[in-house]
Structure formats: structure tokens, C-alpha cells
Amino acid sequence: MTSVTAHDYAWIRSARLFRYALGVGYTLTLVRGVAPSEVLRVMEADPQGTCVGTDELIEQQDELRDPEDYSDASFIAGAFTVPGDGGDWTLVLHVGEGGMGMQPRFLEALSDGGRAVVHSSNGGKPMHFFHWYEDGELRTTFEWHTTRSGSTPDALNSAMREVGYVLSDDEGETSERVDTKAAAFALAERLTGVRVTEELLQDAEYQLGFVPEEPAEEWTGIVIDITDAHGERLYKEVTREEVEDASARARANFARPDGLPPHGRT
């Protein structure tokens, strides 16, 4: 395990790439022992050839998106091989609106028998996330580092303190404020042995894949739960079939040639 700390990643605040990435969102994923092409396959990505450097990667993402469609969650991912602890790793980078495109099911599959580490930002708002998967299981995850979850939420506490995180008020205040985003980069290196630099990302040849938007989950019903100003509560569960039947009746009544409401009511 390396002795890297948040100070080693202070460069992200002055680097052109990450000033942009932190503004619009990004996801950086490291997967041990899985080739880039296989990572993209697991991500259900449609191959899009290759490109060199982050400028071309970002251009590909910009060409994909409709600037007026903020709900589109599809994205371009770029992947390449890097050396790290225990052999080769695949680094996957997505930079673009919203960030955080790597789905949990991808990470569970990619870490099966190995390890995957992800940190991300959605840009703007912002929300920042860190995930460590081991053997298909989410071991430690957090948005804010003092509130962790996963199957082993405290397993990284020692490494987190070493890279610069202060995990509780009881530990006192540091003389210098720690950049928690830089600390996330450092923690990822502790877990992977992969040193990320601006030059590494800018000079890499990326295998590209178009990752489509996740399909919306099928819904089976809705719940109406309303309490009025007098404290009277209406609670009703309505199945999808009942909703669709009611919609069909409403359309049929609206289309009646005599223009009358149902049952002749006025």
C-alpha cells in the first residue's frame, strides 16, 4: 500500500481537466484484472472506437448530448490499462453532465473475484461519492466521509485518516483544512496502487463505449396517501391494471360522439 496523502493530489484544483470535470461531473473507476474491452462489455456499452486524450473524450461526450435534454443519462466511457497493485487495472473515465454513470450492478459484476474503486461528482450541486467493492460486494461507501455505509463501513478508517480525512469531532481539528476531493483520489490510490496524474489521463489512448440510459423500472401500482387540513387521511393503493383501466375508460368517454359524460350525467 502506498503512503500517498491528499497533498499528493493538490494538483486537481489547478489542472484544467479537473476544474472542468468538477464543474460538470465525472466518474473515475478502477477495476483490477479485467481488460478494458471486457469492462465496457459488462457496462453494456456499444463500442465507439478509440481516441487519444481527454479533450477527444470530452468532445465525444459533448457530441452525444442534446444540450436541452437534461434528463438523458446516457454517456461515453473511456477505458485504458494502467499498472497497479496485483497487476493490471482498467481505468474508466466519464466526464460530462451529471457524472456518476457507473451502475451498482456493473460494479458488482466487475469486482467479482477482484476489486473495484470509484469516486465521482455530479457537478454543480455538488454531491461527491466514493465506493469500494470487493468480491462483488459493496464494502464501504460514503457521500460525506463521516457517514459511511456498506458491509464493512469502518474497514477503511485507518487509511482514511492517513490520507487526511478527519472522521469525528473527537479527533480534533487539523491545522490545515483537508481537501476531501483530493483525499478521495489518495484513498483510491491506497486501495489500487494506481497513481492518477493529469498527464496519465491526457496522454492515454481510450477505448470508447456508448453506455445507454438505464431503462425505467416497471411499476406495478401507486399509493395515494393524503392528510387534509382537518387531519382526515386518505390512504389507497391502486394497482397498475386499475390505473390503466381507468385511463382507457376516460379516453373512451372523451371520444363519445354525443359528447355526453358517462351515464348521461351533466
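How many residues lie between S5 and S6 in their hairpin, and which glycine in the turn has a positive phi? The legends below take this up along with other close-ups of the model. This is a predicted model, in which local features need pLDDT of at least 70 and side-chain atom pairs count only at pLDDT 80 or more, while totals for chains, interfaces and linings use all residues. Residues are numbered from 1 along each chain as its sequence is written, and side-chain values use heavy atoms, with hydrogens and water left out.

**Figure 1. The whole protein.** Let us start with the overall view. The secondary structure comes to 8 helices and 11 strands; helices (H or I, at least four residues) and strands (E, at least two) are DSSP runs, numbered from the N terminus. Of the 266 residues, 40% count as buried, where buried means under 20% relative accessible area, exposed means over 50%, and partly exposed is in between (1.4 Å probe, protein chains only). Among contacts with a separation of 6 or more, 64% come from residues 24 or more positions apart; a contact means heavy atoms within 4.5 Å.

**Figure 2. The open sheet.** Here 9 strands form an open sheet with antiparallel pairing, in the order S2-S9-S3-S4-S1-S5-S6-S7-S8. Two strands pair if DSSP finds at least two bridges between them. Strand S2 (46–52) and strand S8 (148–149) are the edge strands, each pairing on one side only. Elsewhere in the sheet, S3 and S4 run antiparallel and are joined by 7 bridges, with alanine 79 opposite valine 92 in S4.

**Figure 3. Strand S5 and its hairpin.** This view answers the opening question: S5 and S6 form a hairpin with 6 residues between them, and glycine 123 in the turn has a positive phi of about 75°. The two strands run antiparallel, with 7 bridges joining S5 to strand S6 (residues 128–134). S5 also has strand S1 (residues 26–32) as an antiparallel partner, through 6 bridges. Valine 117 is a handy residue to look for: leucine 30 stands opposite it, and tryptophan 132 is its bridge partner in S6. In a regular strand the side chains alternate between the two faces of the sheet. In S5 both faces are covered, with Arg115, Val117, His119 and Ser121 buried on one side and Ala116, Val118 and Ser120 buried on the other. That makes 7 of 7 residues buried in this strand, residues 115–121.

**Figure 4. Helices on the sheet.** Helix H1 (residues 16–24) lies across S1, S4 and S5, and runs at about 105° to S1. Helix H6 (residues 180–192) packs on the sheet too, touching S1, S3, S4, S5, S6 and strand S7 (137–142), and its direction makes about 170° with that of S5. Axes are lines fitted to C-alpha atoms, for helices over the stretch in contact, and angles run from 0 to 180 degrees between N-to-C directions. An α-helix has 3.6 residues a turn, so residues three or four places apart point the same way. In H1, the residues Leu17, Phe18, Ala21, Leu22 and Val24 are buried. The buried residues of H1 pack against S1, helix H3 (54–64), S4, S5, H6 and helix H7 (198–203). Just after H1 comes glycine 25, with a positive phi of about 110°.

**Figure 5. The cavity.** The structure holds 1 cavity of 30 Å³ or more, and the largest cavity has a volume of about 40 Å³. On a 1 Å grid over the protein atoms alone, a cavity is a set of points where a 1.4 Å probe fits but cannot get out, and lining residues have an atom within 4 Å of a point. Grid points are joined across faces, edges and corners, and a volume is the space filled by probe spheres set on the points. Among the residues lining the largest cavity are Thr27, Met43, Phe75, Val92 and His94. The largest share of this lining, 3 residues, comes from S4. By class, the lining has 6 nonpolar, 4 polar and no charged residues; Ala, Val, Leu, Ile, Met, Phe, Trp, Tyr, Cys and Pro count as nonpolar, Asp, Glu, Lys and Arg as charged, and the others, Gly among them, as polar.

**Figure 6. Two loop residues.** Glutamate 44 sits in the loop between helix H2 (36–42) and S2, and has a positive phi of about 60° although it is not a glycine. At 45% relative accessibility, glutamate 44 counts as partly exposed. In the loop between S6 and S7, aspartate 135 has a positive phi of about 50°, although it is not a glycine.

Definitions and conventions:
1 Å grid on protein atoms, 1.4 Å probe; cavity = no way out; pocket = protein on both sides within 12 Å on 5 of 7 lines; lining within 4 Å.
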